[in-house]
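Trainee: I would like to learn how to read domains, interfaces and salt bridges. Can we go through them one by one?

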Amino acid sequence: MNEIKPTRTIGVPQPLVDGPEKVSGKALYSADFLPNNCLVGRIFRSPVAHAEIIRLDISAAEALPGVRGIITGEDCDEPYGVLPIARFEYPMARDKVRYRGEPLACVAAVDVETAQKALDLIKFEYRELPAYFTSSDAMSEDAIDLHDHRPGNIEREVDYEIGDVDSALKDADMVLEETYNCPEICQVQTEPHAAIAEYDAERDYMTVRASTQVPFYVHIMLAKTLKMDQSQIRVIKPHIGGGFGCRTECLNVELMCALVARKAKGTVRLVVSREETFITHRGRPETDVKMKIGVKKDGTITAVDFQVIQRGGGYSGYGVVTILYAGSLVFGVYNFENARYKGLRVLTNTPPPGAMRGHGTVGVRYAFEALIDEISHRLKMDPIEFRRRNFLSAPTFTANDLMINSYGLPECLDWVEKESDWKTKKGNLGPYRGIGVAASHYLSGASKSVNWTGEPHATIHLKLDWDASITLLTGAPEIGQGSTTVITQCVAEVLGLDMTRIQSVTSDSKVTPKDNGAYSSRITFMVGNAAINAANNLKQVLIEAAARKLDCKPEDVECLGEVYRAASQDEGMTFEEVVLAALEGSGTITVKGNYDTIPESHGTKKYRGGAIGGSMAYAYSAQVVEVTVDPETAQVTVDKVWVAQDVGKALNPLSCEGQIQGSVWMGMGQAISEETVYHKGLGISGSMLDYRVPSFIESPPIEVGIIESIDPHGPFGAKEAGETSLSSFIPALTNAVADAVGVRPIDLPVTPDKLMELIEKRESGQKAAIK
Amino acid sequence: MPVQFNLNGVLCVEDGLPPTTSVLDYLRQHKGKTGTKEGCAEGDCGACTIVLAREDESGTAIYEAVNSCLLMLPQLDGANVVTVEGIADADTLDPVQAAMVETDGTQCGFCTPGFIMALYALRKGGEKPTDEVIHEALAGNLCRCTGYTPIVAAAKKACGNAPPDVVGARATLVPSSSYATENQRFSAPTSLEDLAALRAANPSAHLLAGGTDLGILTSKERQPLPEIISTVHVEELLEITETDDYLELGAAVTYTRALPYVKRLYPSLATLITRIGSRQIRNMGTFGGNIGTASPIGDTSPCLIALDATVILHSLSGARSVPLEDFFIGYRETCLGPSEFIKAIHIPKLSSGQAFRAYKISKRYDQDISSVIGAYRVGISDNKVASIRVAFGGMAATPKRASASEAALAGKDWTEETVLAVAAAVAEDFTPLSDHRASQAYRLRVAENLFVRLYRDLSEFEDLTDVVAA
């Protein structure tokens with residue numbers, strides 16, 4: 001009996017629990033639900049970017065046989081939006097359209113062909129208004145306002161100064177400044193948005209399945225826009241084909257689907273095309289960053305003075321949060337006391353961006369890491385050494401009160417320096433080959449949620465039943481990041497059980513506890529902690545039941561997973577026996593576990609909005625990128641990437657590695673090829689052909705080093721694993737290109753034509769100098 | 001006549017559905033096989049990949065991955081169709097499925113069924129999963145979660161040791177020659193004569209020669225095309241003829257079938273072809289189709305022009321031969337008469353001392369439209385340029401010869417100075433546009449640089465005849 005050991009799952013590579021259903025085609029996504037008599041939804045969209053709506057005539061479309069319902073802006077006068085302070089978007093435009101492709105109506109018909117014909121019969125009369133496709137045009141003096149309550153087309157202006165920036169810059173031995181442009185980026189998740197709404201007219205009850213990262217927010221917005229009682233709505237999230245942030249707010253797709261289902265008194269499936277996902281957008285905004293950094297000769301940073309302008313599209317979405325993140329998360333990687341920030345979120349006539357992987361931080365981190373690379377170059381200091389001169393020392397609070405209890409950046413830099421053979425390669429790779437380094441961080445869940453209700457941040461239910469199975473009930477949306485696997489591991493580890501004992505049911509608002517959703521890398525940290533709490537509570541129940549049967553004190557019961565015993569000599573009870581003992585007199589048991597953040601993690605009160613950026617823990621990343629530049633075409637090839645991330649503790653090393661590789665790869669797309677392009681507000685990159693995510697051949701080998709700093713608050717010490725390593729790729733790449741060709745790309749992406757121009761300018765400059 | 005095919009081993013007989021129904025819609029909506037996914041409806045993402053299994057002339061089983069979004073239902077006539085639901089053996093996952101679970105190759109899982117099927121075709125084909133082969137097999141599948149590393153690991157784990165296989169008796173279905181509904185007709189003639197007669201009777205019909213372009217009209221844009229004539233069962237159009245002097249490819253020969261010949265005779269063109277779309281596209285797409293759609297952005301046309309190819313056109317009144325460069329007369333316009341179609345493409349072989357090179361420049365290596373494509377057939381004798389044909393794509397509205405550049409090179413010494421001096425001629429030949437693919441300045445500069453690349457490339461060889469083999 002003494003050999004009996006609890007099963008250990010934490011720190012052991014675990015294939016994802018939903019892998020088998022995904023590889024066999026059994027996993028159901030929203031568009032895969034095909035109930036009988038399901039109607040087809042199609043959206044009528046604005047052909048212009050900015051206009052007053054004069055008339056929308058749907059009479060001919062309504063009269064078409066097979067059309068079961070059409071809704072327009074008239075059918076919904078309740079605005080929606082993820083932030084309670086910025087809800088002024090309607091599922092379908094009402095007074096004005098503010099971007100090309102904005103929904104005006106939604107048709108439900110018996111089949112696609114009829115729905116398509118109905119769209120052709122809708123007549124839209126409008127008066128065109130001047131439209132602004134760039135931040136600067138929208139801010140120009142003679143620009144008219146997109147929204148009456150947002151004068152000057154400024155969605156939000158953020159200003160702060162921490163410390164004394166002017167005197168710190170004066171004290172600096174070197175001050176450099178540069179302005180970087182980062183284009184708009186789309187997630188291009190592989191599954192186009194889809195919703196299926198089932199309206200039960202007799203009960204006035206709505207069931208919606210949707211491709212969302214935030215079923216709870218969708219639930220709130222459905223109740224609001226449908227003007228239905230919240231209790232009469234059920235939201236289920238089936239499998240979803242990626243998110244990366246574009247589904248962290250309720251989208252108009254879900255709302256229109258439900259509205260038109262109610263109108264048609266039936267079930268409607270609304271699946272948008274690939275092009276429409278680009279119009280629905282909610283990706284990363286185009287961002288201009290003006291960055292100024294002052295340093296001492298020894299490399300220590302004295303002050304950071306920076307400005308950020310984000311092209312915010314026609315509506316707010318997450319905009320206020322994005323511009324606040326851009327300001328607050330300049331802190332947290334390095335140690336400096338003085339910073340000044342001015343951030344402008346601008347309203348423009350383009351599709352609204354949202355919260356993409358690395359929300360708010362990516363442009364600023366790029367600018368920061370590119371500029372300090374240039375600074376260390378001019379100081380003739382190794383860029384890794386430069387970073388070492390500016391390390392934080394945990395535990396600490398940054399100058400803007402970010403709470404940092406674990407800080408594995410030094411180990412990350414050590415790892416990439418060694419593994420990449422940095423010291424040998426730096427400056428020695430020969431012409432047109434180069435190597436670059438950069439670092440980044442990201443939070444492990446926003447400490448204050450956008451819907452602040454006083455409830456805990458996360459709640460888990462564990463149902464224990466007669467069959468000795470544990471059903472894990474969580475609202476936390478599995479979106480492919482592996483959250484269900486990791487939560488299951490947390491429960492299994494505490495109870496010492498094999499993971500197969502635990503079956504999960506996720507994201508069904510009538511079954512699972514509420515959860516804020518899959519965003520800001522909150523699930524592993526917050527839901528993981530709640531799962532540990534729940535499992536400990538369940539363990540206590542089991543131990544007490546075992547103690548009753550074994551006739552001993554609970555503290556004398558030894559839990560070995562499948563066996564509970566009083567002393568090591570005792571044969572003890574099987575798990576099944578303990579479960580039956582626990583159920584005696586009580587019946588099926590459900591225990592719960594909670595998690596909440598502590599006030600120290602809630603950010604700063606030094607400026608308005610300073611809570612944004614506050615987190616219980618920050619993950620760190622460093623990476624080295626090696627590139628080759630083709631002298632004839634200026635094409636950049638990424639030869640290899642070495643990346644190390646401090647994830648606190650790798651709960652599932654297999655999944656951590658996958659998440660880190662995925663982040664690096666997504667950063668690579670943004671660095672070398674991805675951008676959305678508009679012509680007069682019309683998206684001209686709205687396909688998988690024209691929006692160039694890297695394909696197989698561009699994807700380099702990515703060596704991953706996992707650093708475990710064991711955060712005191714993390715579940716088993718864990719922190720974020722799926723976002724941090726995106727942003728450091730981009731500056732590491734441009735730093736490598738600068739090393740390769742001697743000119744520094746500034747604007748992203750580093751496309752061959754832009755780089756060719758830079759190289760030619762340098763060459764002609766050199767020739768001029770020779771003359 | 002109904003169409004009939006085997007779907008995961010079960011005979012399906014279909015009649016009454018519109019012929020332009022995409023196979024993807026058919027599988028999902030009509031057969032409840034929702035494992036096959038729609039990510040883009042235009043053959044870019046590969047989420048809809050299925051496998052068509054057949055036996056070649058020698059009885060060897062061939063498994064070809066194709067994009068179901070670009071296929072029309074009657075194209076399945078007589079086929080053995082395999083979807084992600086049909087590859088597990090009872091309770092046991094196929095090795096590629098098991099490997100994808102073990103390596104965490106799934107993440108969100110939406111692209112997974114498409115990858116599984118592309119990997120399944122690779123595994124069943126028995127190829128050794130080298131990096132190059134894996135790249136080629138999976139270039140048509142986009143994943144947004146993994147960065148591909150775990151998928152490559154899965155490919156290496158599961159592929160490379162499949163035993164020889166036979167499709168079996170299921171493969172004996174005979175395709176029907178016509179499938180029609182009240183308003184639409186899909187004809188599949190099997191002889192040149194029948195095709196010519198059908199074409200003459202239906203000059204406005206759409207000719208289908210693979211459907212990787214036409215499929216977008218029916219799948220993504222849902223156009224109910226009334227009359228479609230498929231050319232892929234016409235025996236004469238499937239012929240490949242090789243003599244001492246030329247290679248002649250029937251217009252309905254797929255890229256996949258043509259590749260071994262092209263690899264041997266014009267290796268640089270073969271490299272380029274492997275960058276056209278993906279295996280899924282090459283398994284359906286044909287040279288004839290690519291030339292027939294007269295897309296200004298097609299990659300093969302500049303190459304074939306440089307190779308001095310001619311197209312053989314056919315109709316009831318006989319055949320004629322037209323140099324490819326004269327075949328294109330404007331944007332998406334050709335010199336095809338109303339009852340004419342392309343029968344074959346005739347490509348002269350390289351003579352001794354001649355080399356062919358093609359360079360494609362695009363922002364993304366695979367699955368991208370060229371910013372610039374330069375194609376060169378050069379003959380060197382006594383270190384002088386004895387013959388030269390140069391054509392570019394991406395530099396004008398149609399694929400075009402670079403006559404001034406050719407003149408600047410012809411008869412000159414084959415030296416770096418000669419090649420560097422060609423720059424001015426390139427500017428004379430072309431005034432390219434600036435667009436989101438590349439700027440005008442970039443296109444011009446790269447076009448000039450490609451001559452330098454050509455020179456350096458060919459200078460590695462003592463004797464240009466060796467180039468062909470390299």
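Mentor: Start with buried area: the accessible area (1.4 Å probe) that two parts lose on being put together, summed over both. Some ground rules come next. This is a predicted model, where local features need pLDDT of at least 70, side-chain atom pairs count only at pLDDT 80 or more, and totals for chains, interfaces and linings use all residues. Residues are numbered from 1 along each chain as its sequence is written, chains are lettered from A and ligands numbered from 1 in the order in which they are written, and side-chain values use heavy atoms, with hydrogens and water left out.

Trainee: Into which domains is chain A divided?

Mentor: Domain bounds come from an automatic or database domain assignment. In chain A, domain 1 covers 19-26 + 449-596, domain 2 covers 34-129 + 190-242 + 247-280, and domain 3 covers 287-448 + 602-765. Taken over C-alpha atoms, the centres of domain 1 and domain 3 of chain A are 37 Å apart.

Trainee: How many residues does each of these two domains of chain A give to the contact?

Mentor: Contact means heavy atoms within 4.5 Å. Domain 1 of chain A gives 24 residues and domain 3 of chain A gives 25 residues.

Trainee: Which elements of domain 1 of chain A give two or more residues to the side that touches domain 3 of chain A?

Mentor: Helices (H or I, at least four residues) and strands (E, at least two) are DSSP runs, numbered from the N terminus. Here the elements are helix 14 (483-495) and helix 15 (523-550) of chain A.

Trainee: Now the two chains. What is the area buried between chain A and chain B?

Mentor: About 5,500 Å², of which carbon and sulfur atoms give 57%. In contact are 67 residues of chain A and 64 residues of chain B. Between chain A and chain B there are 10 salt bridges. One pair is D368(B) and R692(A), at 2.6 Å from N to O.

Trainee: Which helix of chain A gives the most to the side that touches chain B?

Mentor: Helix 17 of chain A, with 8 residues. By kind, the residues on that side of chain A divide into 31 nonpolar, 20 polar and 16 charged. Ala, Val, Leu, Ile, Met, Phe, Trp, Tyr, Cys and Pro count as nonpolar, Asp, Glu, Lys and Arg as charged, and the others, Gly among them, as polar.

Trainee: Why does the salt bridge of E113(A) and R222(B) join two chains?

Mentor: First the distance: the closest N and O atoms of E113(A) and R222(B) are 3.9 Å apart. E113(A) lies in helix 3 of chain A and R222(B) in the loop between helix 7 (214-219) and strand 9 (227-230) of chain B, so the pair joins two chains. Then check exposure. Buried means under 20% relative accessible area, exposed over 50%, partly exposed in between (1.4 Å probe, protein chains only). E113(A) is partly exposed at 46%. R222(B) is partly exposed at 30%.

Trainee: Where do R279(B) and E136(B) lie?

Mentor: The side chains of R279(B) and E136(B) meet in a salt bridge at 3.4 Å, N to O. R279(B) is in helix 10 (residues 279-284) of chain B and E136(B) is in helix 4 (residues 131-138) of chain B, so the pair ties together parts that are 143 residues apart in sequence. Both R279(B) and E136(B) are buried.

Trainee: Is R389(B) buried or exposed?

Mentor: R389(B) is buried, with a relative accessible area of 10%. The salt-bridge partner of R389(B) is D308(B), at 3.5 Å from N to O. D308(B) is partly exposed at 29%.

Trainee: One last residue. Where is Q645(A)?

Mentor: Q645(A) sits in strand 27 (residues 636-646) of chain A. Q645(A) is buried, with a relative accessible area of 0%. The Q645(A) side chain reaches the backbone oxygen of E720(A) at 3.1 Å. Beyond neighbours within four places in sequence, Q645(A) is in contact with residues including C412(A), Y620(A) and I660(A).

Conventions
Polar contact = N/O pair within 3.5 Å; in protein donor to acceptor, adjacent residues only side chain to side chain. Salt bridge = Lys/Arg side-chain N within 4 Å of Asp/Glu carboxyl O.
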